[in-house]
Amino acid sequence: MSPKAWLEMNPHDAEKLGLRPHDQVDVVSRRGRVREVELRITAIVGPGQVFLPFHYAEFNSNFLTQSAFDPISREPNFKQSAVRVEKSGVQR
């Protein structure tokens, strides 16, 4: 029902990064970047983890993941990846 994707992050991780609810963040991996996603801070997500839904073309989490797949079922491994979260507009 949400028109845009969001990123869920644990409160302890958000505090360490100096992030606040509704900040616009980029999610970055070795494979790609998803830009300007709204941050939602929630204890539902464990420390050291984030959640980004994959149902949004403009915020496609598959840009961040590896192209590995199961050799038997051919099921893609689009379910996890190491990422870095940074406030949008901050150059690294």
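These legends accompany close-up views of a predicted model. Residues are numbered from 1 along each chain as its sequence is written, and side-chain values use heavy atoms, without hydrogens or water. Local features need pLDDT of at least 70 and side-chain atom pairs pLDDT 80 or more, whereas totals for chains, interfaces and linings use all residues.

**View 1. The chain has one helix and five strands.** Their order along the sequence is β-α-β-β-β-β. Helices (H or I, at least four residues) and strands (E, at least two) are DSSP runs, numbered from the N terminus. Of the 92 residues, 34% count as buried. Buried means under 20% relative accessible area, exposed over 50%, and partly exposed in between (1.4 Å probe, protein chains only). Among contacts with a separation of 6 or more, 63% join residues 24 or more positions apart; a contact means heavy atoms within 4.5 Å.

**View 2. Asp23 sits in the loop between helix 1 (11-17) and strand 2 (24-28).** Asp23 counts as buried, because its relative accessibility is 13%. Its side chain reaches the backbone nitrogen of Arg20 at 2.8 Å. Leaving aside residues up to four places away in sequence, Asp23 touches Gly18, Val37, Glu38, Leu39 and Lys87.

**View 3. Asp23 and Lys87 form a salt bridge.** The closest N and O atoms are 3.9 Å apart. Asp23 belongs to the loop between helix 1 and strand 2 and Lys87 to strand 5 (residues 84-87), so the pair ties together parts 64 residues apart in sequence. Lys87 is partly exposed, at 39% relative accessibility. A salt bridge is a side-chain nitrogen of Lys or Arg within 4 Å of a carboxyl oxygen of Asp or Glu.

**View 4. Asp26 forms salt bridges with Arg33 and Arg35.** The closest N and O atoms lie 2.9 Å apart for Arg33 and Asp26. For Arg35 and Asp26, the N to O value is 3.8 Å. Asp26 is buried, at 5% relative accessible area. Arg33 is partly exposed at 28%, and Arg35 is exposed at 52%. A network of salt bridges links Asp26, Arg33, Arg35, Arg84 and Glu86. The whole structure holds five salt bridges.

**View 5. His22 has a positive phi, and so does Glu36.** Phi is about 75 degrees at His22, which is not a glycine. His22 lies in the loop between helix 1 and strand 2 and is exposed at 56% relative accessibility. Glu36, also not a glycine, has a phi of about 55 degrees. Glu36 is part of strand 3 (residues 33-41) and is partly exposed, at 48% relative accessible area.

Methods. A polar contact is a pair of N or O atoms within 3.5 Å; within protein, one must be able to donate a hydrogen and the other to accept it, and residues adjacent in sequence count only if both atoms are side-chain atoms.
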